[in-house]
Amino acid sequence: MLSPVELAIAVPFLAAMVLAGAGRWLPRVVVDAVAMGATLAVTGLLGAVLWEAVRYGTVVVWVGGWRPHGGVSTGIPLVADPFATALALVVAVLTVAALLFSWRYFTEVQAVFHTLMLLFLGAMCAFALTGDLFDAFVFFELMSAVAYVLTGYRADEARSVHGGLNFGVVNSLAAYLSLTGIALLYGRTGELGFAAVGEQIRAAGGPDTGVRVAFALVCTGFLVKAAAVPFHFWLADAHAVAPTPVCVLFSGIMVELGVYAVARTYWTVLGGAEETTARALAVFGGTTMLLGGVMCLLQRHIKRLLAYSTVSHVGLLVTCVALARADALAGGAFYLIGHAGVKGALFVGAGALLNRFETVDEHELRGRGRDMRVTSCLFLLGGLALAGLPPGGMWLGKVLAEHAAPHGWWWLTVLGVLASGLTGGAVLRVWLRVFRGAGRRPAGQAGEREAGETAAPTPRVPWLMLAPGLLLLAGGLLVAVLLSGPEVLRGARTFTTGYAGTVLHGRPSLAHAGRLPELWTASALVKGLAGVTAALAVAALAVWGRRVPPAARARPVWSALHTLHSGHVGDYVAWLLAGIVLFTLLVIV
Amino acid sequence: MNAVRGLRLCLLAAGSLGFAVLFTLAVLDLPPFGGNFHPYGDRAVRASLLRGTPNTVSSVNFDQRSLDTLGEELILVASALGAVVLLRAVRREEEDEPARHHLGPADVFDALRVTGYPLLPVTVLVGVYIVAHGQLSPGGGFQGGVVLGTALHLLYLTGDYPALARIRPVPLFEVGETAAAAVFVVLALAFAGQVIASNVAVGVEVGCAFVLVLAKFFEQALLIRVPA
């Protein structure tokens with residue numbers, strides 16, 4: 001009998017195969033029902049596993065019964081610790097939302113869309129749950145292969161194929177680098193499991209230069225998926241063209257899984273808390289926060305804007321990993337879940353605009369969304385939540401990360417306010433322009449038209465499309481209230497300590513539940529309000545500020561940034577190589 | 001434009017050089033070539049003998065690390081689906097009926113015809129043999145599946161496209177591919193170590209997937225065109 005952990009991987013794959021084989025003959029409603037049923041089943045299974053992991057400790061399942069003897073095994077473990085399981089659960093919940101949104105979705109090509117969504121779900125769950133480095137690579141590849149296809153799904157538009165191609169080239173190259181790193185680690189240790197590799201390295205007296213280079217290479221692949229600067233170029237190209245429900249999954253969890261994999265590798269292979277690695281991650285995380293925020297504000301294509309805001313937020317997650325403390329990771333968890341909800345909701349809102357007006361160009365849409373109350377609400381609250389409105393998960397996450405930061409990390413607070421202001425401000429600007437018709441008509445050429453994603457434009461957005469947005473937004477805003485802080489902290493401690501002992505030697509994994517800093521303090525609320533104020537100021541300046549002098553003077557900088565994000569895949573590859581070298585140097589020197 | 005290109009090449013050169021240096025550093029720290037430090041290999045051989053699987057590679061593929069193989073299988077399925085999605089005839093393109101064309105090298109030499117047709121059953125036989133013998137010798141579902149999948153295309157090389165289209169009804173191969181993949185999902189997770197059954201499932205899946213992918217390529221190359 002399969003364990004619930006294995007079933008959570010088997011169910012979506014089996015359902016995907018049923019739909020791929022029989023989709024040609026099944027009516028649409030059956031296809032929808034099978035996909036939704038399988039996803040709900042996975043959600044239930046993972047919920048049960050999470051409850052068990054939180055209550056009784058990490059669930060370890062060796063596929064095929066290859067349990068270790070004396071701490072060694074040749075098999076592959078699935079390790080359902082609270083964090084990994086919670087991530088897989090986020091994947092499942094977002095997939096439910098995405099499938100709800102696509103209930104009325106275009107029906108081309110049999111049931112291939114649903115098949116791909118189920119394969120994506122299964123691949124991401126397996127990637128989160130596996131305890132084996134090579135197995136993680138395999139499911140990373142599966143996840144990527146499906147993601148390329150989903151990006152280029154609307155193949156009749158050249159832009160879609162272009163976006164999918166850029167995504168494919170950059171991510172495949174990154175995957176080869178990860179594989180090279182894995183091969184180097186295997187050559188050194190003769191092991192492939194996260195826990196086993198780590199044990200061998202500790203036994204050999206800790207990581208040396210060779211191990212660090214290998215680690216950096218493995219992480220590069222994951223950082224490309226996480227869209228850390230300068231590996232972030234593919235993300236906006238892919239998000240701008242991918243179907244809306246796919247964007248919900250891309251931004252909400254796929255990108256974040258890259259950060260998770262970096263963290264997992266960092267703690268299991270290097271043991272966490274390495275000064276040089278912390279520095280490397282902090283440099284990359286900080287740059288990503290800032291550049292993502294600036295690029296976000298510079299966009300007028302709403303999906304592209306949301307994509308860059310994801311880049312910025314991932315920067316904070318990378319910085320949480322750099323802090324290498326359990327309480328920072330707990331903050332990262334709150335931030336991730338809050339972001340998944342809010343960003344999912346915002347993409348649903350963007351999808352509603354696209355289906356009604358066949359464009360998501362902010363300038364084209366000016367004032368046209370006045371009668372869309374629910375969508376307007378999604379953008380307003382979503383913008384505020386991105387800026388860190390209490391009690392949203394993103395507020396709490398940022399407060400916890402800043403609380404965990406040591407003295408020299410004053411820049412984190414500054415960057416935190418900047419990133420909140422820029423990303424939240426950009427979304428609030430969209431809200432002001434599109435839904436309130438605020439400001440003058442911006443000069444510049446007309447935006448391009450895009451095909452909607454439904455059979456015909458939807459003058460009234462159906463509730464079935466908006467409901468997932470509202471639910472996700474509510475979830476993202478109430479995370480801090482809904483989740484038990486001490487349990488999240490305990491999950492973070494389980495993540496950072498005793499992994500090898502639990503996986504290889506069956507030792508109990510339950511860490512002590514710690515105490516989180518007091519949440520509802522004046523200073524935490526002020527931090528939240530600072531972000532919100534910054535966002536409001538940015539939005540107001542962008543809409544009503546007439547040629548603010550500093551912004552006008554910085555025009556060469558903006559145009560240089562635009563040139564940098566050229567859409568030329570050769571540029572992306574050059575940056576990829578340069579980024580690897582920089583990251584590796586920071587890790588080893 | 002040239003300046004941008006120059007900058008790109010400089011960045012690429014610097015990155016490549018740096019990467020080469022760092023990679024060399026890492027390789028220098030590897031154990032020396034030809035040593036006898038193979039902890040995983042030693043354990044895998046012992047484990048495969050313990051479970052009575054004569055071929056260690058098969059034991060690793062279908063028993064000890066069956067989850068990896070499952071992922072690789074599904075990558076192939078996903079890629080075949082990708083070909084279906086990305087290469088479909090989109091709005092501005094038209095698709096011809098295969099029967100309207102005698103597409104392909106219909107005017108081949110008789111000598112080629114005489115060797116080509118008899119080779120078809122032989123190739124199928126070789127494919128089946130490689131699949132079936134996978135638990136004893138190197139080979140198995142992946143390799144045999146590729147041979148099987150390409151065997152049918154001898155009909156195109158020696159005959160013409162309509163002949164090929166007749167013997168590979170796409171829906172049937174879709175069902176074959178996905179049913180085999182579904183069986184393998186169950187085998188890999190619940191019955192790891194069933195090497196023969198796994199090889200058959202993989203062989204059918206890989207063979208069908210190859211036929212489907214190539215079918216899409218043929219359509220794209222021969223049938224789909226943009227109207228003038």
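This is a predicted model: local features need pLDDT of at least 70, side-chain atom pairs count only at pLDDT 80 or more; totals for chains, interfaces and linings use all residues.
Residues are numbered from 1 along each chain as its sequence is written, and chains are lettered from A and ligands numbered from 1 in the order in which they are written. Local features need pLDDT of at least 70, side-chain atom pairs count only at pLDDT 80 or more, and totals for chains, interfaces and linings use all residues.

**Helix H10 of chain A**

Helices (H or I, at least four residues) and strands (E, at least two) are DSSP runs, numbered from the N terminus. H10(A) covers residues 244-270. Its 27 residues should span 39 Å at 1.5 Å a residue, and the end C-alpha atoms, 38 Å apart, agree with that; the expected span is 1.5 Å times one less than the number of residues. At Phe250(A) the helix bends by about 40 degrees, the bend being the angle between axes fitted to the seven residues ending there and the seven starting there. Because 27 of the 27 residues are buried, H10(A) is largely enclosed by the rest of the structure. A residue is buried if 20 or more other C-beta atoms lie within 10 Å of its own, with C-beta atoms placed from the backbone. Gly271(A) follows H10(A) and has a positive phi, near 85 degrees.

**Chain B**

The pattern along the sequence is α-α-α-α-β-α-α-α-α-α-α-β.

| Chain B item | Value |
|---|---|
| Helices | 10 |
| Strands | 2 |
| C-alpha box along the principal axes | roughly 60 × 60 × 40 Å |
| Buried residues | 39% of 228 residues |

The radius of gyration of chain B is 23 Å, whereas a compact globule of 228 residues would have one near 17 Å. This radius is taken over C-alpha atoms, and the globule rule is 2.2 Å times the number of residues to the power 0.38.

Definitions and conventions
A residue is buried if 20 or more other C-beta atoms lie within 10 Å of its own, exposed if 12 or fewer, and partly exposed in between; C-beta atoms are placed from the backbone.
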